[in-house]
Each structure stands twice: as C-alpha cells, then as structure tokens.
Amino acid sequence: AVVNNAGTTHLNKPAGEVTEAEFDRLYQVNVKSLFHMNRLVSPVFRQQGAGVFVNVASTTGVRPGPGLCWYSASKGAVITASKGLALELAKDGIRVCVINPMIGETPMLAQFMGMPDTPDNRQRFLARIPLGRFTRPEDVAEAVVYLASDAAAYTTGEQFVIDGGYTKF
C-alpha cells in the first residue's frame, strides 16, 4: 500500500490574493505528487498483481470553504484523479481510495482557519462539527489501515469521509 499524504495549503484568504507561487506550490505538492507516485509505483503493483493507493484529500475538495478556493480545488483534483485511477487500475488488481478529513489539530490549523489559533477561534470552528472536535491524526490513520487492509479488498474509487458529521448536515 502507498499512502499519499503530502499536503500543503495557502493562508485562508480571498482567491484573488493567492499568489501564483502559492498556487503552483499547492498543485505541485497536493496533485503532482500523485502523478509521480502513480508513475513510480503502479508498475510494481501491476507486477505483484495487487496494490492499494490511499490518497488523502479533504472535505473541502467536495465542500469548499471560504478563503480556501485554490486549496479546495487542488483537493478536488486529488479526488477526481483518484476516481480516474481507480477505474483505470482496477483491471490490474490495484485499488485506489480517498480519505477526506475535516480540519484537524495540526501545525497548519491557523492557516486553515485564517486567524490565530486561540481557544475562542477554535470554538467557532468546532461549533460547526456535530461531534464537537477536530479530526485527530489517529482518525486518519485508522481509516488508512482499514482501506489498505484485506477487509476493504472490494473497495475502490471510494471517498472515506472523516469529518465528525460536518458534511452530512
């Protein structure tokens, strides 16, 4: 299994204020990394007759947030590319799935919020999440373990949403 978890963002700000350099970096890290990993690993998986790609996108790839237009677009590209790869690689026994986590307690939290990481600002974001907490690294890790396992052997092209109910209501 390969987990494509490389990701970056720009500061939360209007789309017209994102620089071309920031935009290019987003696509270089968030999208082009999948391109390179596919070219490198798919031949190995084909030779083995099996393999799994688990690509980490974001809930904003399907439900963009204000101030994150280009980040959301890059994660939408990850989702679309993953579905295309799942369709194309299935005949070779290769599965491709996507994990869409909600905002999490990572060093990039303030960038996603577009404001300082303070208890009050955290509460404003947590109020929108029905389960009342941010995504934790172990939430994503457990989903990766499942999708990479034989328990998910008949799952491909699927988006696994880890968002505490945020995109459901």
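Predicted model: local features only at pLDDT ≥ 70, side-chain atom pairs only at ≥ 80, totals over all residues.
User: What is the volume of the largest pocket, and which residues are closest to its centre?

Analyst: Rolling a probe the size of a water molecule over the atoms shows where empty space is left. A pocket is an open set of points, on a 1 Å grid over the protein atoms alone, where a 1.4 Å probe fits, with protein on both sides within 12 Å along at least five of seven lines; lining residues have an atom within 4 Å of a point. Here the largest pocket has a volume of about 710 Å³, and of its 32 lining residues Tyr71, Met102, Ile103, Gly104 and Phe112 are the closest to the centre.

User: Which members of the largest nonpolar core touch the most others?

Analyst: In soluble globular proteins, nonpolar side chains tend to be buried together. A nonpolar core joins buried Ala, Val, Leu, Ile, Met, Phe, Trp, Tyr and Cys residues through side-chain atoms within 4.5 Å. Among the 13 residues of the largest one, these are Ile103, Ile129 and Phe134.

User: Why does Thr9 count as buried?

Analyst: Buried means under 20% relative accessible area (1.4 Å probe, protein chains only). Thr9 counts as buried because its relative accessibility is 8%. Leaving aside neighbours within four places in sequence, Thr9 is in contact (heavy atoms within 4.5 Å) with residues including Tyr71 and Phe112.

Technical notes:
Residues numbered from 1 in each chain as written. Heavy atoms only, no water. Points joined across faces, edges and corners; volume = space filled by probe spheres on them. Buried < 20%, exposed > 50% of the residue type's maximum accessible area, 1.4 Å probe, protein only.
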